[in-house]
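Grab a pencil and work through these exercises on domains, a ligand shell and helix packing. Try each task before you read its solution.

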Amino acid sequence: MNAEAHDPAAARDAVKDADRKHVFHSWSAQELIDPLAVAGAEGSYFWDYDGNRYLDFSSALVYTNIGYQHPKVTAAVQEQAARLCTVAPGFAVDVRSEAARLIAERTPGDLDKIFFTNAGAEAVENAVRMARLHTGRPKVLSTYRSYHGATSTAINLTGDARRFGNDTATAGVVHFWGPFAYRSPFYAATEAEECERALRHLEDTIVFEGPQSIAAVILETVGGAPGVLVPPAGYLPGVRELCDRHGIVLILDEVMVGFGRTGTWFAAEHWDVVPDLLCFAKGVTSGYVPLGGVAISPAIAETFARRPYPGGLTYSGHVLACAAAVATINVMAEEDIVGRSARTGAELLGPGLRALAERHPSVGEVRGLGTFWALELVRDAATREPLVPYNASGADNAPMAAFGAACRKGGLWPLLAGNRVHVAPPCNIEAPDVAKGLEILDEALSVADAHMR
Ligand code: PMP
């Protein structure tokens, strides 16, 4: 054992030093960041080297659906590593077949074939390729308020500001507005009006782009990174109908919302909609080993029955990841984690967050389902002006930075994006931890209130 093992401060400094020297971080100006050095994690908590424990309301990046270090999953990965650590994707192997079966049995409708990837963006890339090859059409429609990943096609499908750096490569991508009643792009007064106008706008977009040129419409079933955008009741069934009418493939991106996050195995179940392709990642292994994939309809699978699918990944369906998926899904079933997510949302998080909104004028809206919520913070409750401008950084972002600092000081780690506070704890968070998190949010929201006009 080295000296640092006995000296937490020295261990922290060594980790941070090496990080600063050799790790190139995503989405960051390398010299302007100061990442927390994490020493360990368990359940709904992680901790640093200085003895600070954080209640993780971000579930890492909304993926530790069963919490950190579930012993059944860590054991399954260890057993698989000892038994057979890797095997090429072209072979049939027990744990991969079992993962595919467990996933196919839970995805909506008849999505029975699973194409494995390593993560979400690769799932989106491959779903789009499948849709283009299946239809022989080039274009893909996606919404402005969306995030689909950071690889070349996925970042261009993404409608938020993160695509700006790649904007020269948008060939074949057409953006449209999805429904968002609180900040209606259609100036609608009610949810029903928002739904109707959003569907008409999509239909107009399809007609003016030319249905014969459109391979797919891709949607996050519930918009995640853009702020937990729960669609109005008739929207997804309406999109399904439009796609059917025009021979367009419907891709639902459930990378963030799949596997229990919204209180169902997949969010599409809330609206009884079956897509042609469904992208998943994150929760499928709770992130213990990276895994993603596409669940495929029989009609699209048939396209590649006698003609090769011209795509693949060296580590597609990696056996360690599949072992993590099998164990995660079994744990979710045995511990009723999907049901717990639904009940936590209906009984604790929803009512608790709405009570906060009543006490704090900076909370403009509370949205969510299951263990997937967002608070929209505003500078002015009447005009709904966001607490910080769209795509704010530096000084512009000071009110949200101050709010975040207050949460962390209280021992809570929320996920902040723009003017939104995402509340997405592990799906199996315990009731006392929900209460504790809400208390810390309550205090931190006073800081946000103080930044209002
Ligand atoms: N789609 C959605 C809806 C996501 O939320 C994300 C990641 N946050 C992705 C795709 C990309 O997944 P990954 O980062 O695993 O590539």
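Axes here are lines fitted to C-alpha atoms, for helices over the stretch in contact, and angles run from 0 to 180 degrees between N-to-C directions. Helices (H or I, at least four residues) and strands (E, at least two) are DSSP runs, numbered from the N terminus. Keep in mind that this is a predicted model: local features need pLDDT of at least 70, side-chain atom pairs count only at pLDDT 80 or more, and totals for chains, interfaces and linings use all residues. Residue numbers start from 1 along each chain as its sequence is written.

**Exercise 1. Describe how helix 7 packs with helix 8.**

Step 1: get the geometry. Helix 7 (residues 191-209) and helix 8 (residues 235-246) have axes 10 Å apart, at an angle of about 20°.

Step 2: classify the angle. Under 35 degrees counts as roughly parallel, over 145 as roughly antiparallel, 65 to 115 as roughly perpendicular and the rest as oblique. Helix 7 and helix 8 are therefore roughly parallel to each other.

Step 3: find the handedness. A crossing is left-handed if the near helix is turned anticlockwise from the far one by less than a right angle, and right-handed if clockwise. For helix 7 and helix 8 the crossing is right-handed.

Step 4: list the contact, where two residues qualify if their C-beta atoms, placed from the backbone, lie within 7 Å. Helix 7 brings Cys195, Ala198, Leu199, Leu202, Glu203 and Ile206, and these meet Tyr235, Gly238, Val239, Leu242 and His246 of helix 8.

Step 5: sort by class. Ala, Val, Leu, Ile, Met, Phe, Trp, Tyr, Cys and Pro count as nonpolar, Asp, Glu, Lys and Arg as charged, and the others, Gly among them, as polar.

**Exercise 2. Helix 10 packs with helix 4 and with helix 3; work out both arrangements.**

Step 1: take helix 4 (residues 94-106) with helix 10 (residues 319-334). Their axes are 8 Å apart, and the angle is about 40°. That makes helix 4 oblique to helix 10, and the crossing is left-handed.

Step 2: name the residues. Val95, Arg96, Glu98, Ala99 and Leu102 of helix 4 make the contact with Val319, Cys322, Ala323, Ala325, Val326 and Ile329 of helix 10. By class there are nine nonpolar, no polar and two charged residues.

Step 3: repeat for helix 3 (residues 71-83). The axes of helix 3 and helix 10 come within 8 Å and cross at roughly 150°, so the two are roughly antiparallel. This crossing is right-handed.

Step 4: check the classes. The contact of helix 3 with helix 10 has eleven nonpolar, two polar and one charged.

**Exercise 3. Which residues are closest to the ligand?**

Step 1: apply the cut-off, a C-beta atom, placed from the backbone, within 6 Å of the molecule. The ligand is surrounded by 16 residues, and the closest are Ala119, Gly120, Ala121, Gly149 and Val255.

Step 2: trace the shell. Helix 5 (residues 120-135) gives the largest share, three residues. The classes come out as nine nonpolar, five polar and two charged.

**Exercise 4. How many residues does each domain put into the domain contact?**

Step 1: Domain 1 is 36-66 + 336-450 and domain 2 is 71-334.

Step 2: count. The contact takes 27 residues from domain 1 and 26 residues from domain 2.

Methods. Domain bounds come from an automatic or database domain assignment.
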